[in-house]
Amino acid sequence: MEFYFGLAQIVGVHTLLGLSAYIVLLTGQVSMAQAAFFAIGAYAAGMLTVLAGWHIVPALGASALLGAVTAGAVGFPALRVKGLMLVVATLGFGEAVRLFFFNFDYQVAKGGIKLGPLGAEGFRQIRFFPENGWTSADVMLFIWVFVILIMALLWWFDRSRYGSVLRAVGEDELAAQSVGVNLTAVKVSAMTVGGAIAGIGGGIFAHYTTHIEHNNFNVLVATFAIAYPIVGGLNSVFGTLAAVIFVQAFLIEGLRDLGDWRNLLFGTLIILAMNLRPQGLFGRGRA
Amino acid sequence: MLELRGVARHFGGVRAVDGLDLEVNEREIVGLIGPNGSGKSTAVNVVTGLFPLTSGEIVFKGRNLEGLPTHKRLQLGIARTFQNIRLFGQLTVWQNLWVAQNSPQDRAQRGFFARWLGGQRGVRDEIAQLLEFSGLAARQDELAANLSFGEQRRLELARALATRPRLLLLDEPAAGMNSEEIAQLRDRIVKLRSRGMTILLVEHVMELVMGVTDRIAVLNFGQKIAEGTPAQIQNDPVVKKAYLGGA
């Protein structure tokens, strides 16, 4: 049972990561910076519970806020560039953030041991859950309350006028502008909301793994973030959830018995999925 | 209402529009005709702010448009359609019109949350009227990409109208239409005029332009070579030589 609780935790956190990219992708922007917002959320929440003694809920609120502010600040200059240029710009930002945490020391002595981020060693002992006696089932439930809340909120957003405007910008910026849509406002707000979601996801991630380091937030994670909504399809938030389950539960955990063959099959199945359903697993219409 | 004063737009050495003076008065339908590449579409694009001007100025309702981005110009009341249809193909017909409701009246009538998150009664009534006007009521839940060519042209016009414009710029709205569709389009333009819309009609199809416009300006190589009523233009020797053909 512990195994399945753990898997559900991973699926939940990765869903948040995927959803943070989903809303940005709706506007036609490919952001490779989602792992960076995830990292900022993770370190911020970890430091607040471990060093400042906060409860996890307000700490996650602070993660969301920091993620949103950073994403908004990145969004303004970055969204002036498009397509591949934006990929490169956000990739650069993501790596800069990772390298920042690679060099980031902030340790405080607490109860005879030094706690806090320590450069390449990472940030150990983020023990809010065990210290407060939460079981894995509790942690899983806690994570899924956030996942369900955020999914419901995004689902509702998507069906509001806001969702149609985001998609309109994603389809044709020129036409969207010509019917009075303020491109900058729409793109930056999508980026900001995405940053908040990634921040919350990161904050939760830090607490269930209890140990984070710069390498948890590398380019591969940024790639996964955009891969989930693309594989799942941009039709609705459920596509992203389905893709996370497909990748994390089926491809990574389900095929573990295959040993080295897994990596080979992983790539093959992703290529197969994208060829058979180019619009995404749950997408409708053309790709 | 709209005034272009010595408007020029150059692309490198190409003078797409070169010193154009043009005036469109309130409730007037002005035609802008000319051979391919004479600068008609560029004129529309500089009025909506897609390209900055090389020189000259554009004044709309007494306000210089210099430096205003496209979406701000729309809020002043300038809407357009595109020569090559640019709909939001993966949105439904209804959503295409919903997205376009960005007029200052919409902003004023509905609060922020109602506007962005709701689909209230007023919104629905307005969209229903536009669908009725465009003959698209039966297709409202279809994806725009699945519409026929004629329906897409109609939806583009409806989408421009959903922004509640004062001035409508139609960039070759009859391109690719058969004569029956052109007749329907003419009826719609006449109806819009009777509601007090001001229209700048860029068009190649003479049966449409000559039938609905009050005044026509003829462009050639980015410059205005003639201006007058449809009858005057049809008999202008310069226009005949440059564009209309015949002796």
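Trainee: Let's start in chain B. Which residue in β2(B) does Phe11(B) stand opposite?

Mentor: Phe11(B) faces Val14(B) in β2(B). Keep in mind as we go that this is a predicted model.

Trainee: How do you know that β1(B) and β2(B) count as paired strands?

Mentor: Pairing takes at least two bridges. β1(B) and β2(B), the latter spanning residues 14–24, have 8 bridges and run in the antiparallel sense, so they qualify as a pair. The two strands also form a hairpin, with 2 residues between them. In that turn, Gly12(B) has a positive phi of about 60°.

Trainee: Which other strand does β1(B) join, and how many bridges are there?

Mentor: β1(B), residues 2–11, is joined to β4(B), residues 55–60, by 5 bridges, and the two run antiparallel. One example is Glu3(B), whose bridge partner in β4(B) is Val59(B).

Trainee: What is the strand order in the open sheet of chain B?

Mentor: The order is β6-β7-β8-β3-β9-β10, which makes 6 strands with mixed pairing. What makes β6(B) and β10(B) the edge strands is that each pairs on one side only. Neighbouring strands here are turned by 20° against each other on average, ignoring direction.

Trainee: Which way do β6(B) and β7(B) run, and how many bridges join them?

Mentor: They run parallel and are joined by 3 bridges. In this pair, Arg80(B) stands opposite Leu169(B) of β7(B). A helix also packs on the sheet: α11(B), residues 237–244, touches β3(B), β9(B) and β10(B). The direction of α11(B) makes about 125° with that of β10(B).

Trainee: Why is β8(B) described as largely enclosed?

Mentor: A residue is buried if 20 or more other C-beta atoms lie within 10 Å of its own. In β8(B), 5 of the 5 residues are buried, so the strand is largely enclosed by the rest of the structure. Thr198(B), Leu200(B) and Val202(B) point one way, while Ile199(B) and Leu201(B) point the other, and all are buried.

Trainee: Why is Ile182(B) called partly exposed?

Mentor: Ile182(B) has 17 other C-beta atoms within 10 Å, so it is partly exposed. This residue sits in helix α8(B), residues 179–194. Leaving aside neighbours within four places in sequence, its contacts are Ala174(B), Met177(B), Val205(B), Glu207(B) and Leu208(B).

Trainee: Now to chain A. How many helices and strands are there?

Mentor: Chain A has 12 helices and 4 strands.

Trainee: What makes the radius of gyration of chain A agree with that of a compact globule?

Mentor: For 287 residues, a compact globule would have a value near 19 Å, and chain A has 19 Å, so the two agree. The C-alpha trace spans about 65 × 45 × 30 Å along its principal axes, and 50% of the residues of chain A count as buried.

Trainee: Why are α6(A) and α9(A) called roughly antiparallel?

Mentor: Angles over 145 degrees count as roughly antiparallel. α6(A), residues 136–159, and α9(A), residues 183–209, pack at about 175°, with their axes 11 Å apart. They are therefore roughly antiparallel to each other. Val139(A), Ile143(A), Phe146(A) and Ile150(A) of α6(A) meet Ile197(A), Ile200(A), Ile204(A) and Tyr208(A) of α9(A). The residues of this contact divide into 8 nonpolar, no polar and no charged.

Trainee: Finally, how many residues does each chain give to the contact between them?

Mentor: Chain A gives 18 residues and chain B gives 25 residues. On the side of chain A, the largest share, 7 residues, comes from α7(A). That side divides into 7 nonpolar, 7 polar and 4 charged residues.

Technical notes: Residues numbered from 1 in each chain as written. Chains lettered and ligands numbered in written order. Predicted model: local features only at pLDDT ≥ 70, side-chain atom pairs only at ≥ 80, totals over all residues. Rg over C-alpha atoms; globule rule 2.2 N^0.38 Å. Buried ≥ 20, exposed ≤ 12 C-beta atoms within 10 Å, placed from the backbone. Axes fitted to C-alpha atoms, helices over the stretch in contact; angles between N-to-C directions. Contact = placed C-beta atoms within 7 Å. Nonpolar A, V, L, I, M, F, W, Y, C, P; charged D, E, K, R; others polar. Parallel < 35°, antiparallel > 145°, perpendicular 65-115°, else oblique.
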